[in-house]
Amino acid sequence: MAVSIRWLGHSAYSFDIDGHKLLIDPFVSGNPVAKAAANDLDAEVILLTHAHGDHVGDSVEIAKRTGALVVCNFEMGDWFMAHGVQNVFQGNPGGTFSNDWMSAKWTVAHHSSSFPDGTYGGQPNGFVIRGGGATIYHAGDTCLFGDMKLIGDEGLDLALLPIGDCFTMGIDDSIRAIGFLQAKRVSPMHYNTFPPIEQDEAAWAARVEAETAASAVVLEPDGEFSL
Ligand code: NI
Ligand code: MN
């Protein structure tokens, strides 16, 4: 029972859960900080938080090449099927996708969601992911919200939180979010990809250690750690 977590940069992750591959928001091509190439990414499941280009990323290409199941909201699933990806599971907040090695429950996220071609992408989401004996929250793109307390009740081993400000919560609100989420570990995402979301991740980590009960895990793009 083990999970290894590789941060691809931005909000993109590759998880290995007991030998199975999960990709989240795989934005690699055109991502100025990513070191991985889309062609080298493998997946059985691709989890997508919302339809913005910096989250859908290389999903269509990877899904077609690998046959991975795309797990996303209803409107996004329709768009994928219209773009030649038939292996789709559609849900919405409160719903859970599960197979024999993982589950992912949709949570709300406060943000917007449209595809780069302008198609409406439904409501944005986060996910509570369970697998390999661990419970992990990927917040997607969102501001701070009070119902993060309810997500914290799930018993989180790890929370992946945006800290870039501008399009999502910034550092101050991420510290308050950590207080609600009560995760054992937190790792930052959605920062330093582009100039409007530049942040000092070392200063963030110092505040996490000083002001919260969580441990901060700061990775370089393509960095990895295990739970
Ligand atoms: Ni977004
Ligand atoms: Mn984004």
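## A charged pair on helix 5

R176 and D173 are three residues apart in helix 5, which means about one helical turn separates them. Helices here are DSSP runs of H or I with at least four residues, strands are E runs of at least two, and both are numbered from the N terminus. The side chains of R176 and D173 meet in a salt bridge, 3.5 Å from N to O. The term covers a side-chain nitrogen of Lys or Arg within 4 Å of a carboxyl oxygen of Asp or Glu. R176 is exposed, with a relative accessible area of 53%, whereas D173 is partly exposed at 28%. For these labels, buried means under 20% relative accessible area, exposed means over 50%, and partly exposed lies in between (1.4 Å probe, protein chains only).

A word on the ground rules: this is a predicted model, in which local features need pLDDT of at least 70 and side-chain atom pairs count only at pLDDT 80 or more, while totals for chains, interfaces and linings use all residues. Residues are numbered from 1 along each chain as its sequence is written, chains are lettered from A and ligands numbered from 1 in the order in which they are written, and side-chain values use heavy atoms, leaving out hydrogens and water.

## The two sides of helix 5

Now turn to the buried side of this helix. I171, S174, I175, A177, I178 and L181 are the buried residues of helix 5. Viewed down the helix axis, they fall within an arc of 160°, so they line one face of the helix. That arc is taken from the directions from the helix axis to the C-beta atoms. On the face turned away from the buried side, helix 5 carries the exposed residues D172 and R176.

The cover over the buried residues of helix 5 includes strand 10 (134-138), helix 4, strand 11, strand 12 and helix 6. Contact here means heavy atoms within 4.5 Å.

## Helix 6

Helix 6 (residues 201-211) has W204, A205 and V208 buried. Their directions span an arc of 95° when seen down the axis, so these buried residues line one face of the helix. A202 and A210 are exposed on the other side of helix 6. Among the elements covering its buried residues are helix 5 (171-181), strand 12 (185-189) and strand 13 (215-216).

The structure holds nine salt bridges. One of them joins E154 and R130 at 2.9 Å, N to O. E154 sits in the loop between helix 4 (148-152) and strand 11 (158-162) and R130 in strand 9, so this pair ties together parts 24 residues apart in sequence. E154 is partly exposed at 22% relative accessible area, and R130 is partly exposed at 32%. Salt bridges also link K105, R130 and E154 in a network.

Another pair is K21 and D16, whose side chains meet at 3.4 Å, N to O. K21 is partly exposed at 29%, and D16 is partly exposed at 22%.

## D54, buried without a salt bridge

D54 is placed in helix 1 (residues 53-56). This residue is buried yet has no salt bridge, and the nearest side chain of opposite charge, R6, is 19 Å away. In that count Lys and Arg are positive and Asp and Glu negative, with His and the chain ends not counted.

What does the side chain of D54 make polar contacts with? One partner is the side chain of H10, at 2.6 Å, and another is the side chain of H55, at 3.1 Å. A polar contact is a pair of N or O atoms within 3.5 Å; within protein, one must be able to donate a hydrogen and the other to accept it, and residues adjacent in sequence count only if both atoms are side-chain atoms. Leaving aside neighbours within four places in sequence, D54 is in contact with H10, F27, D141 and H190.

## Aromatic pairs

The structure holds nine aromatic pairs. Rings of Phe, Tyr and Trp (its six-membered ring) pair if their centres lie within 6.5 Å; planes under 30 degrees apart count as stacked, over 60 as edge-to-face and the rest as tilted. W79 and F115 form a stacked pair, 4.1 Å centre to centre with 15° between the planes. W79 lies in helix 3 (residues 74-82) and F115 in the loop between strand 8 (103-108) and strand 9 (125-131), so the pair ties together parts 36 residues apart in sequence. Both W79 and F115 are buried.

F89 and F97 form an edge-to-face pair, at 5.1 Å centre to centre and 65° between the planes. F89 is partly exposed at 32% relative accessibility, while F97 is buried at 5%. Ring pairs link F89, F97, W106 and F127 into a cluster.
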